[in-house]
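I opened the model and kept notes as I went. The entries follow in the order I looked things up.

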Amino acid sequence: MIHRWNLNTRAELSFRSWDGETVVHHLLSNDTHRLAEPAGWILGRFSASDALTVDQFAAGSPYDTADLTPVLQALGELGYIQRC
């Protein structure tokens with residue numbers, strides 16, 4: 001089964017990126033996290049599309065599927081993104 005990922009709309013995230021790092025604030029939990037690449041890169045990609053598969057993230061990116069899969073799962077555990 002192929003899973004697509006999208007932003008968790010209930011999370012109400014705000015984030016800023018610079019110099020390869022991203023700072024994310026999760027409004028519901030009031031947690032702030034500093035993320036390294038590729039996690040910040042993944043969050044930035046969601047603004048261009050509603051839902052993507054790991055293969056779609058990897059296409060045209062500097063990362064491969066094996067690098068992105070655990071990052072997607074970790075972002076899901078934080079409640080930033082969700083499978084759809």
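Helices and strands here are DSSP runs, numbered from the N terminus; a helix has at least four residues and a strand at least two. The model is predicted.

**Entry: Glu12**

I began with the loop between β1 (5–7) and β2 (13–18), where Glu12 is found. I read its phi as near 45°, a positive value in a residue other than glycine. I noted this because most residues other than glycine have a negative phi. Buried or exposed, or in between? Glu12 counts as partly exposed, at 45% relative accessibility.

**Entry: Asn30**

Next I went to the loop between β3 (21–26) and β4, which holds Asn30. Asn30 also has a positive phi, near 60°, and is not a glycine. I then checked its accessibility. Asn30 counts as exposed because its relative accessibility is 56%, and the cut-off for exposed is over 50%.

**Entry: the Glu37–Pro38 bond**

Which residues does a cis peptide bond join? I found Glu37 and Pro38, with omega about 5°. Most peptide bonds are trans. Pro38 lies in the loop between β4 (31–36) and α1.

**Entry: the largest nonpolar core**

I then turned to the interior. Nonpolar side chains tend to be buried together in soluble globular proteins. The largest nonpolar core has 17 residues. Which of them touch the most other members? I listed Ile42, Leu43, Phe57, Leu75 and Ile81. Helices α1 (39–45), α2 and α3 (65–77) each supply at least two residues of this core. The most comes from α3, which gives four residues.

**Entry: Ala58**

Last, I looked at helix α2 (residues 54–58), where Ala58 is found. Is Ala58 buried or exposed? Its relative accessible area is 15%. The cut-off for buried is under 20%, so Ala58 is buried.

Which residues does Ala58 contact, leaving aside neighbours within four places in sequence? I noted Tyr63, Asp64, Thr65 and Leu68.

I also took one distance. Ala58 and Gly76 are 18 residues apart along the chain, and their C-alpha atoms are separated by 17 Å.

Technical notes:
Residues are numbered from 1 along each chain as its sequence is written. This is a predicted model: local features need pLDDT of at least 70, side-chain atom pairs count only at pLDDT 80 or more; totals for chains, interfaces and linings use all residues. Side-chain values use heavy atoms; hydrogens and water are left out. Buried means under 20% relative accessible area, exposed over 50%, partly exposed in between (1.4 Å probe, protein chains only). Contact means heavy atoms within 4.5 Å. A nonpolar core is a set of buried Ala, Val, Leu, Ile, Met, Phe, Trp, Tyr and Cys residues joined through side-chain atoms within 4.5 Å.
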